[in-house]
Amino acid sequence: MPRQSKYHIGIEVDKLTNSILNTISGDSFETVVNPLAKEDLKGVSLKNGWKFDWKKEFKMTDREVYKLTIEGNSHILQGLASLSDYTDHFYLHLIESAPFNLGSAKLYEGVPGNLFAFACQLSIDRGYEGFISFTSKTKLISHYEKTLGAVHIGNHKMIIFPDAALKLVIKYFNNK
């Protein structure tokens, strides 16, 4: 089994939508998730407000990094996720909204939910029935149980089982 990261997922799922919502206008924007390319990392740094070292994460050979963007605007990253394929499920190492999508002044809501749903869809696509796992920060365990249907199995470990995964996938990808 590949090594798991030292990170605990600590992002709040602000809203479950089938897109992302502009908090100012209320407009809904369709999203696309694609593998992150090296050139996408130009503006992604700690000094630009990102909380994790995505350049280091991108270089790790045991994981895949994906970017969430608005359809038709692939150059502005709305969020990032790092996953490992454990041959029977995906392990979510990191998930992060862009700095402008954090806090009370965030521009878009729905980014984390989009990325969790994408991980579930990827698990289904690879024949793992939607199984994903991740390690949660203590204060967010019950939040993930309520918003994502994740199950806490002890020691901060969370699993999204196929029934909950399917609900997320239907919510996000049913209209696409």
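Colleague: What counts as a helix or a strand when the pattern of this chain is read along the sequence?

Modeller: Helices are DSSP runs of H or I with at least four residues, and strands are runs of E with at least two. The model is a predicted one, and read along its sequence the chain follows the pattern β-β-β-α-β-β-β-β-α-β-α-β-β-α, with four helices and ten strands.

Colleague: Why are helix 2 and helix 4 called roughly perpendicular to each other?

Modeller: The axes of helix 2 (residues 111-125) and helix 4 (residues 162-173) come within 8 Å and cross at roughly 115°. Angles of 65 to 115 degrees count as roughly perpendicular, and helix 2 and helix 4 are therefore described in that way. The crossing of these two helices is left-handed.

Colleague: Which residues make the contact between helix 2 and helix 4?

Modeller: From helix 2 come Gly113, Asn114, Ala117, Phe118, Cys120, Gln121 and Ile124, while helix 4 contributes Ala165, Leu168, Val169, Tyr172 and Phe173.

Colleague: What makes a residue of that contact nonpolar, polar or charged, and how many of each are there?

Modeller: Ala, Val, Leu, Ile, Phe, Tyr and Cys are among the types that count as nonpolar, whereas Gly counts as polar; by class, the contact of helix 2 with helix 4 has nine nonpolar, three polar and no charged residues.

Conventions
Residues are numbered from 1 along each chain as its sequence is written. This is a predicted model: local features need pLDDT of at least 70, side-chain atom pairs count only at pLDDT 80 or more; totals for chains, interfaces and linings use all residues. Side-chain values use heavy atoms; hydrogens and water are left out. Axes are lines fitted to C-alpha atoms, for helices over the stretch in contact, and angles run from 0 to 180 degrees between N-to-C directions. Angles under 35 degrees count as roughly parallel, over 145 as roughly antiparallel, 65 to 115 as roughly perpendicular and the rest as oblique. A crossing is left-handed if the near helix is turned anticlockwise from the far one by less than a right angle, and right-handed if clockwise. Contact means heavy atoms within 4.5 Å.
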